[in-house]
Amino acid sequence: MTDSVRAVKAGKRERLVDAAVQVFYERGVEKTTIADVAKVAEVPVGNVYYYFKTKDQLIEAAVGAHRHRLAQLLDEFDRLDSPRARLRGLIAGWVDLRDQAAQFGCPFGTLASEMDKRPEVLDAEIAATMRVLVDWAQRQFEAMGRSDAAELGVALIAAYQGISLLTNTFRDPSLMAAEGDRLARWIDSLEG
């Protein structure tokens, strides 16, 4: 196989995974068909089965994509010079996506909740992805010298997941903005 053929195949698979992430988020896993994903990816439906034999394999790839994107985002925040700045950057990122949250909820939290209701659950993969975020937050609180870093990490992520749900339920982006402000003040109050 030539390098150009490999690149086309990799590009098609990547487009399918990106489309699956988008469509699962906007429509939900249960309402999404393989044909929906193929249409958004601009790939013939038959080609989807070359890369993913089942919808579950496509879901698993979407979960992997979430984890990869989260790792990239956290790497960007890790370049900031203080744990306070990193945590505030995370919060600002959430607030920037408040309109999306109002319409669809948290991209990964929504998927995690929906997957828990399916018989073919990807429990380990879902938990590992959420764990990346919780552990990262905990490390930031540890770097701030907090002995209660584990609890604070969970509290931060729980606050975000809760406000994502409320923002979506009430279709009110201002709720996310207000909670972002509150969380930023909370982070500031925790630093020495």
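A: Ala, Val, Leu, Ile, Met, Phe, Trp, Tyr, Cys and Pro count as nonpolar, Asp, Glu, Lys and Arg as charged, and the others, Gly among them, as polar. The model is predicted: local features need pLDDT of at least 70, side-chain atom pairs count only at pLDDT 80 or more, and totals for chains, interfaces and linings use all residues. Residues are numbered from 1 along each chain as its sequence is written, and side-chain values use heavy atoms, without hydrogens and water.

Q: OK. How many helices and strands are there in the secondary structure?

A: There are 10 helices and zero strands. Helices (H or I, at least four residues) and strands (E, at least two) are DSSP runs, numbered from the N terminus. The C-alpha trace spans about 60 × 40 × 30 Å along its principal axes.

Q: What share of the residues count as buried?

A: Of the 192 residues, 41% are buried, that is, under 20% relative accessible area, with exposed over 50% and partly exposed in between (1.4 Å probe, protein chains only). Among contacts (heavy atoms within 4.5 Å) with a separation of 6 or more, 70% are between residues 24 or more positions apart.

Q: Now a cavity. What is the volume of the largest one?

A: About 40 Å³, and the structure holds one cavity of 30 Å³ or more. On a 1 Å grid over the protein atoms alone, a cavity is a set of points where a 1.4 Å probe fits but cannot get out; a pocket is an open set with protein on both sides within 12 Å along at least five of seven lines, and lining residues have an atom within 4 Å of a point. Points are joined across faces, edges and corners, and a volume is the space filled by probe spheres set on them.

Q: Which residues line the largest cavity?

A: Its lining is Y25, L97, Q100, A101, G105, C106, P107, Y160 and M176. By class, seven are nonpolar, two polar and none charged.

Q: And how much space lies in the largest pocket?

A: About 600 Å³. The lining has 22 residues, and H66, L73, L97, P107 and F108 lie nearest the centre. Two or more lining residues come from each of α1, α4 (55-78), α5, α7 (107-115), α8 and α9. Helix α4 gives the largest share, five residues. Fourteen of the lining residues are nonpolar, six polar and two charged.

Q: What about the second largest pocket, what is its volume?

A: About 250 Å³. Of its 17 lining residues, F104, G105, C106, T110 and N168 are closest to the centre. At least two residues each come from α1, α6, α7 and α9. The lining has five nonpolar, eight polar and four charged residues.

Q: Different topic. Which residues of α10 are buried?

A: M176, E179, G180, L183, A184, I187 and L190. They lie on the same side of α10 because they cover an arc of only 145 degrees around the axis, taken from the directions from the helix axis to the C-beta atoms. Exposed R185 and S189 are on the face turned away from that buried side.

Q: What covers the buried residues of α10?

A: The cover includes α5 (83-96), α6 (98-104), α8 (123-143) and α9 (149-170).

Q: Last one. Where is T32 found?

A: T32 sits in the loop between α1 (3-27) and α2 (34-41). It counts as buried because its relative accessibility is 1%. Apart from neighbours within four places in sequence, T32 contacts V23, F24, R27, V37 and K55.
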